[in-house]
Amino acid sequence: MPTTPTLTGDEAARVERGFLHLHSELSQGHVNLRELATTLLALVDLLVAQGFVSVDELRAQAAQVRDRLASTDIGRGLELALLDDRRDKYSHPDTAVVDCTARLPMCRAACCAIDRTLSAQDVEEGAVRWDLARPYRLRRVDGGGCCHLGADDRRCTVYAQRPLGCRTYSCSSDPRIWKDFERRIPNEESIAALFAWQTAPRLRGTDVAAPWEDKMHPAEKLHANEGEAQP
């Protein structure tokens, strides 16, 4: 198992100052949010108590507003996600076995274009880079999927330390990659879409979900939803 990377004195000091600033901002933000929530709830209580609005009307309107905000920056929140699995990735019982080397010429490592959420072990280990704009998701590069994917041979450059999400994923039942896994017939159109999504502009205030989300197979839905710990 690889060792945890260490920081020099100067690097550690910069990291500590960075976290101090971040935690100070988060603390002040929490204070502001608490005051806002207190004022808003007090106002709602008064409106309900004085008969200006009913509880049912309030809930129905809140549901409508929540739907409107779902695809905005406010609705998405910090987009902070962490795979909720504390088991050691190096001995994980659900590690998948796929003959990747033989399939690379056909699939072009399409699985490396799938959005991945890292585990706490992945983050603490430090071998895998995560997207600074979307912690803690695997970092991407334009046109190439994962940042750890070799530009020439399409092989994983951190295979021994690859994330837990990559270890437990199998493309064998993923229709986005294979029309027929056993006969090695790739889904060319869907593979192109996987990589194109990584290079497509991501506009603020829009839904960044992949267009094939409704067709995700159960394993991917698990990692995308149930497997993440959302704060």
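The legends below describe an overall view and close-up views of a predicted model of one protein chain.

**View 1. Secondary structure of the protein chain.** In this predicted model, the protein chain is made up of 8 helices and 4 strands. Followed along the sequence, these elements come in the pattern α-α-α-α-α-β-β-α-β-β-α-α.

View 2. The protein chain has 231 residues, of which 29% count as buried. Among the contacts in the protein chain with a separation of 6 or more, 67% are made by residues 24 or more positions apart. The accessible surface of the protein chain amounts to about 15,100 Å², and carbon and sulfur atoms account for 57% of that surface.

**View 3. Alanine 109 in the loop between helix H4 and helix H5.** Helix H4 covers residues 100-107 and helix H5 covers residues 120-125, and alanine 109 has its place in the loop between them. Although alanine 109 is not a glycine, its phi is positive, at about 60°. Because its relative accessible area is 3%, which is under the 20% limit, alanine 109 counts as buried.

**View 4. Arginine 154 in the loop between strand S2 and helix H6.** The loop shown here runs between strand S2, residues 145-146, and helix H6, residues 164-167, and arginine 154 is found in that loop. Arginine 154 is likewise not a glycine, yet it has a positive phi of about 60°. With a relative accessibility of 23%, a value between the 20% and 50% limits, arginine 154 is classed as partly exposed.

Terms used:
Residues numbered from 1 in each chain as written. Predicted model: local features only at pLDDT ≥ 70, side-chain atom pairs only at ≥ 80, totals over all residues. Heavy atoms only, no water. Helix = DSSP H or I, 4+ residues; strand = E, 2+ residues; numbered from the N terminus. Buried < 20%, exposed > 50% of the residue type's maximum accessible area, 1.4 Å probe, protein only. Contact = heavy atoms within 4.5 Å. Areas by Shrake-Rupley, 256 points an atom, 1.4 Å probe, with all protein chains shown as cover.
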